[in-house]
Amino acid sequence: MRKEPTPLVAIAANLQKDTSAIVALEHSGIDRPKKMDNKTFASYEARFENDMIRQLVKNDGGEGSFKISNPAVLSMWEALLEGKADASWVFLPWEGMKAKYERDNLKFYAFQLGNYDIPYGYSPLIISHQDVVDQKGIAIKVFLEAVEEGWRYVYNSPEKAAKELHKHAKQSEFENLAFLEESLTMLQPAINTSYDRWGFMEGERWVGFIDWMIRHQILQDEEGVPMNYGQIDSSMLYTNEFFKWHEKNKAF
């Protein structure tokens, strides 16, 4: 942990449902999390990642005793195919689609955290520095309005949105139109929310995730000491203030 942490604030949730999963190749025989014991997990080294996966294994009846490897970013399928790791954490609408379109319909098992009593929060998030939030609120509002319009377009017309990406995006990942159409269609149900407001975050969901991490001693201070409920205020980690400019909720 940094000795002088950077104050970051979540300003919008891209999705309202978790579309990520822990994956293992079908031929590995790892058809449930507890079978990851004594195997190798390909990690991005994200904060809390390894501890969360360890608890996932324990929740399924395992010991959480797997090993860790750190392959290059975005090379998780290579790590699994080359036998350098047995499981990894991916986004199903992206890496999952890549397994289908770029890996000859590669077969794999997928374990989502919510199915194993882990109240995972929002992912992915749009975040900002606290000083930017305090000083450039109007710019952030304008930016989020534009992002919201893009997500609404994906929600209402995923195939049309895919065609626009295919037409204008220059990266090689956007060259396959069928891949993009299926990817965005898979994302569609994760975009909408009962609030009909893209980006909005529920306080209870933040509290539930943080409480879970505290109970399992995943949250620690600078000295590596587990934190307790009185040491962290979840309301400081996110803000919905940039959605208050809507006079009415925009129905999807």
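**Close-up views of a predicted model**

**View 1. Lining of the largest pocket.** β1, α1, β5, β7 and α8 each contribute at least two residues to the lining of the largest pocket. The model is predicted. The largest share of this lining, 4 residues, belongs to α8. In total, 40 residues line the pocket, and those nearest its centre are Arg-47, Phe-48, Trp-206, Met-213 and Leu-237. The volume of this pocket is about 1600 Å³.

**View 2. Strand β1 and its pairing with β7.** β1 spans residues 8-13 and is mostly covered, with 5 of its 6 residues buried. The strand runs antiparallel to β7 (residues 125-129), and 5 bridges join the two. Within this pairing, Ala-12 has Ile-126 of β7 as its bridge partner.

**View 3. Helix α1 and its packing partners.** Helix α1 covers residues 49-59, and its buried residues are Glu-49, Met-52, Ile-53, Gln-55, Leu-56 and Val-57. After α1 comes Gly-61, which has a positive phi near 100°.

**View 4. The largest nonpolar core.** This core has 31 residues; Ile-22, Met-36, Phe-41, Met-52, Trp-89 and Leu-113 touch the most other members. At least two core residues come from each of β1, β2, α1, β5 and α8. The most, 6 residues, are given by α8. In soluble globular proteins, nonpolar side chains tend to be buried together.

**View 5. Surroundings of Trp-89.** Leaving aside residues up to four places away in sequence, Trp-89 touches Ser-20, Ala-21, Ile-22, Phe-41, Ala-42, Tyr-44, Glu-49, Met-52, Ile-53, Leu-113 and Tyr-120. Among these contacts, Glu-49, Met-52 and Ile-53 are also buried residues of α1.

View 6. In α6 (residues 158-168), the buried residues are Pro-158, Ala-161 and Ala-162. Viewed down the helix axis, the buried residues of α6 fall within an arc of 100°, so they line one face of the helix. An α-helix has 3.6 residues a turn, so residues three or four places apart point the same way. Packed against the buried residues of α6 are α5 (137-156) and α7 (177-191). Lys-160 and Lys-167 are exposed, on the face of α6 turned away from its buried side.

Key:
Residues are numbered from 1 along each chain as its sequence is written. This is a predicted model: local features need pLDDT of at least 70, side-chain atom pairs count only at pLDDT 80 or more; totals for chains, interfaces and linings use all residues. Side-chain values use heavy atoms; hydrogens and water are left out. Buried means under 20% relative accessible area, exposed over 50%, partly exposed in between (1.4 Å probe, protein chains only). Two strands pair if DSSP finds at least two bridges between them. A nonpolar core is a set of buried Ala, Val, Leu, Ile, Met, Phe, Trp, Tyr and Cys residues joined through side-chain atoms within 4.5 Å. Contact means heavy atoms within 4.5 Å. The arc is that of the directions from the helix axis to the C-beta atoms. On a 1 Å grid over the protein atoms alone, a cavity is a set of points where a 1.4 Å probe fits but cannot get out, and a pocket is an open set with protein on both sides within 12 Å along at least five of seven lines; lining residues have an atom within 4 Å of a point. Grid points are joined across faces, edges and corners, and a volume is the space filled by probe spheres set on the points.
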